[in-house]
Amino acid sequence: MSTTIADLIVGEIGVIDDIPFDSVPLKLLEMGCLPGKEVELMQIAPLKDPLYIKVNGSHLAIRKETASLIKVTKIKNLCDILKS
Amino acid sequence: MRHSEVINVALVGNPNTGKSLLFNQLTGLNQKVSNYPGVTVEKKTGTSKMQGEVFAKITDLPGTYSINPSSLDENIVLQTFIGIDKSNYPDVVVVVADVENLKRNLFLFSQIKDLEIPAILVINMSDRMEKKGISIDIELLKKELKSEVVLISARKRLGIGKVKRAIANYKEANTLKIADIADRIDAQFFKELKEKFADTSLYKAWLLVTQSQNLTSIPPKFKDRIESFEADKIKLNKMQNKETILRYQYINHILKKTYITDAEKATGMRHKIDKVLTHKIFGYVIFALILLLIFQSIFDWATVPMDLIDSTFANLSEWTKNQLPEGVFSNLLVEGIIPGIGGIVIFIPQIAILFLFIAILEETGYMSRVVFLMDKIMRRFGMSGKSVVPLVSGTACAIPAIMAARNIEGWKERLVTILVTPFTTCSARLPVYAILIALIIPQQRILGIFSLQGLALMSLYLLGFVSAIVSGWLLNKTLKVKGKSFFIIEMPDYKIPSLKNIVFTVLEKTKAFVFGAGKIILAISIILWFLASNGPASFDNAEKIVKSKVENKQLNQDELEKQIATYKLENSYIGIAGKAIEPAIKPLGYDWKIGIALITSFAAREVFVSTLATIYSVEDNENTNTIKERMGAEINQDTGKKRFNFPVGMSLLVFYAFAMQCVSTLAIVKRETNSWKWPLLQLFGMTALAYLASFITFTVLS
């Protein structure tokens, strides 16, 4: 199983590897959520959904079901955050 | 006389960029709000002097992130630039961008520029640059974008003059497209497209092909040409995605050279505020407190000007009556028109306060946080977090609220929201509630702070929300509607709201409401007055009939007149109609006079109050008291006690909480859902519920 935005922990940053174009709306891409961009999980709503992310300068909230479609590679994980 | 030049300017930009504030700064109060033909999207235009004899007609287009629409409002932007309406095609486009998110704003700018029309980039909020550690090489940016770029701060009124100058000199702006990416998307495809659409710009041809399903009308000359290209939807979708990626690559390339930002300074405050406002406990507590504040102020603050308006109109009626000679015209004025206008004006304080709060919540960026907080909860009830906006605006008026549901991406979630929004307590219910509460709930305070009447009103609001949510849950279970739902919302940075924007919004919405609803109320008041002051033969002979009836009794002049007036009302056209439905509403505790008000308030709920005002003032020749006093003095003929006692008042409150009594809302639901099925479901479902609930309330309480 590969990592998706939905698997990030608050504060973690990942680089977007792949977005399935047929199931993710064009609008999300147009708002800056693109392959190769860094995405940071800013916050999770109190009931675990939606997710508040920062990507390519945009602050967006998306639902978990969409977030779980977007594959990422973690570049800053919880250990790094705790160390710094 | 020489005609001065008028430039047609289109103002576009992402939401939350301060576009509306720039529009307000440019046009001042010279604005006009109308609707786009065929749709109920608001069209705001304003005229303003640019330079010397050069004037501009500026249209404030709906905020959008892209020219590819994902909602009805955004569709307007596409339609404008495809240029089906040639006469309104903009001479120049002003694209407003937020300095903090220039990248995403340039995405829209690059699309506009590719249409090959003069475009000016206005970068707003320059006053925040230093704080956020941003610097821009404007001269280089101008060169790279092949366009005029103006740095402004709409809030601080900096650079407005420069914008005007740039508009006045729009002819000097070049119309070169900037992002030359067609070949890299699919060289072969675009080569063919270019050959087939030699008579228009390549990007416009691309939009025609990819957006044909969103265009209301396609010029016949393009029609068959489009068909050959749009066949392979999957391929087109892939190409659109590629286009987006390439556009961003191009923008990144430019910004790398011209835009520097200090990431450390960029975030900070926002993050801290977010932590509190979307906290799992404080988040909801704060939202609840804000709602409480809104309702408390509607009832507590608004009553002062409302009582003033009420008594002013009562005095005006009296004064007019004394000034004018007796006659039909005088009666129409005193009994029909003046109370009718009073019934409209009395709304203004409450509506203005509601719109004020909603405008502040939107302007500060708080509303997005509420959407974020509420999404998961709302989904259980078949709605989206974005349904909170319609449900909260529904407390002002269901019509703009139902239109606000357009931002909801999923059709089922949107439909459920549209269907349940009329349950929320709109301001038209307020006068009905206000007067009934004032009649049946004592004026006391609990713990010295909360007024008992305020709490009663708040419970009615809660009842509205709860019924909206419960019916959402029911509809979610029962409706079989297909369609994918998705959800994206921008979480804008927090801003201190601009006073000017708020004042303008409140003025505009209040004006629209007063004139929109006002026309109906005034017309109904006049019709009512006519129907109440005329009738068949028994009406005309009222005096004779009553006199012969009471011959044996010793009545003084006053009592006799009162009896005649009552008899007249009973036998007027409206009285006959009220009597006809009396058997149906008697189980709810109402008499035929209330019945009349129920009939007329099908047009709009608030007519209930003005109807009773008209009825009682037709009946009551002597005193021109306030509506409340007249209702309080009304006697139930069967019991000899007050007509508006506790059970009847409660029964009426419950009836108005549930009943779908608003013709305009039904019309808007028909338009938004494009079918009669849904408004009819609302009408019958809600009325049946109202009848049942009132019946139970009245029976239990009495």
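What share of the contacts in chain B with a separation of 6 or more is accounted for by residues 24 or more positions apart?

1. The share is 74%, where contact means heavy atoms within 4.5 Å. The model is predicted, with local features needing pLDDT of at least 70 and side-chain atom pairs counting only at pLDDT 80 or more, while totals for chains, interfaces and linings use all residues. Residues are numbered from 1 along each chain as its sequence is written, chains are lettered from A and ligands numbered from 1 in the order in which they are written, and side-chain values use heavy atoms, leaving out hydrogens and water.

2. Chain B holds 32 helices and 12 strands; these are DSSP runs numbered from the N terminus, helices being H or I of at least four residues and strands E of at least two. Along the principal axes, the C-alpha atoms of chain B fill a box of roughly 100 × 65 × 50 Å. Of its 702 residues, 56% are buried, meaning under 20% relative accessible area with a 1.4 Å probe and protein chains only.

3. Chain B carries 83 positive and 64 negative side chains, and the centres of the two sets lie 6 Å apart. Lys and Arg count as positive, Asp and Glu as negative, and His and the chain ends are not counted; the charge is placed at NZ of Lys, CZ of Arg, CG of Asp or CD of Glu.

4. An open sheet of 6 strands runs in the order β5(A)-β1(A)-β2(A)-β3(A)-β4(A)-β12(B), with antiparallel pairing; two strands pair if DSSP finds at least two bridges between them. β5 (71-76) of chain A and β12 (488-490) of chain B each have a single partner strand, so one side of each is left without a neighbour in the sheet. Within the sheet, β1 (residues 13-18) and β2 (residues 38-44) of chain A pair over 3 bridges, and A:Val15 has A:Glu38 in β2(A) as its bridge partner.

5. B:Arg247 lies in helix α10 (residues 233-258) of chain B and is buried, at a relative accessible area of 1%. Leaving aside residues up to four places away in sequence, its contacts include B:Asp114, B:Phe107 and B:Tyr203.

6. B:Leu666 belongs to helix α31 (residues 663-673) of chain B. B:Leu666 also counts as buried, at 15% relative accessibility. Beyond four places in sequence, B:Leu666 touches B:Met660, B:Pro679, B:Gln682 and B:Leu683.

Conventions:
Buried means under 20% relative accessible area, exposed over 50%, partly exposed in between (1.4 Å probe, protein chains only).
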